[in-house]
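Reader: I am new to reading structures. Could you show me one and take my questions in turn?

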Amino acid sequence: MSHNKSPEQFASATRSFLKLSVFLAIVIAAPLILASDRLITLTVGPEYLAAGVPLKIMAVGLLFILFNLPHSTGLVAGGFEKDVLKQAVASASLSVAANFFLIPAYGMTGAAVSFVLAEMLALIWILVLYKKRINIKA
């Protein structure tokens with residue numbers, strides 16, 4: 001389906017994907033954020049409660065991913081794979097660079113923050129690209 005040949009259908013598909021992303025955010029990310037300590041205790045034991053804060057931070061990164069997917073998928077479907085690849089390389093590069101600085105100072109919390117920064121960059125980049133290349137209100 002091309003965004004040029006059927007913009008209404010393209011926008012409808014993107015809206016449907018966004019609705020699925022909201023559903024997944026509610027079903028997966030919200031419980032991870034709200035009940036991370038309980039989930040950690042139930043699954044691996046209380047000795048791993050130190051992972052609670054990084055898990056919450058990473059759940060925020062998951063939200064960025066969930067809202068990136070409908071737009072990046074739309075860009076790929078629209079023939080803009082190279083743009084999506086550039087975004088992926090940029091966000092991966094940011095993650096690696098941030099890990100060098102944040103992990104030695106903050107350990108697993110630093111790694112989680114690095115992940116969120118990279119996914120935030122990815123989402124912003126994709127939204128700008130989507131508006132520029134597709135220019136359809138979803």
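Reader: What pattern does the protein follow along the sequence?
Author: This is a predicted model, where local features need pLDDT of at least 70, side-chain atom pairs count only at pLDDT 80 or more, and totals for chains, interfaces and linings use all residues. Residues are numbered from 1 along each chain as its sequence is written, and side-chain values use heavy atoms, with hydrogens and water left out. Helices (H or I, at least four residues) and strands (E, at least two) are DSSP runs, numbered from the N terminus. The protein has four helices and zero strands, and its pattern reads α-α-α-α.

Reader: How far apart are the end C-alpha atoms of α3?
Author: The expected span of a helix is 1.5 Å times one less than its number of residues. With 26 residues, α3 should therefore span 38 Å. The model agrees: the end C-alpha atoms are apart by 37 Å.

Reader: At which residue does α3 bend?
Author: The bend at a residue is the angle between axes fitted to the seven residues ending there and the seven starting there. In α3 this angle is about 35°. A proline, Pro70, follows within four residues of the bend. The residue is Asn68.

Reader: Is Asn68 buried or exposed?
Author: Buried means under 20% relative accessible area, exposed over 50%, and partly exposed in between (1.4 Å probe, protein chains only). Asn68 sits in helix α3, residues 52-77. Its relative accessible area is 7%, so Asn68 is buried.

Reader: Which residues is Asn68 in contact with, leaving aside neighbours within four places in sequence?
Author: Contact means heavy atoms within 4.5 Å. What covers the buried residues of α3 includes α1 (7-34), α2 (36-43) and α4 (81-133). For Asn68, the contacts are Gln87, Ala122, Leu123 and Ile126.

Reader: Is Val22 buried or partly exposed?
Author: Val22 is found in helix α1. Its relative accessibility is 38%, so Val22 counts as partly exposed.

Reader: What accessible area does the nonpolar patch with Val22 have?
Author: Patches are made of residues with over 30% relative accessible area and no salt bridge; like charges are joined within 9 Å, nonpolar side chains (Val, Leu, Ile, Met, Phe, Trp, Tyr) within 5 Å. A salt bridge is a side-chain nitrogen of Lys or Arg within 4 Å of a carboxyl oxygen of Asp or Glu. Areas come from the Shrake-Rupley method with a 1.4 Å probe; for residues, only the protein chains shown count as cover. Leu20, Val22, Phe23, Ile26, Val27 and Ile28 together have about 540 Å².
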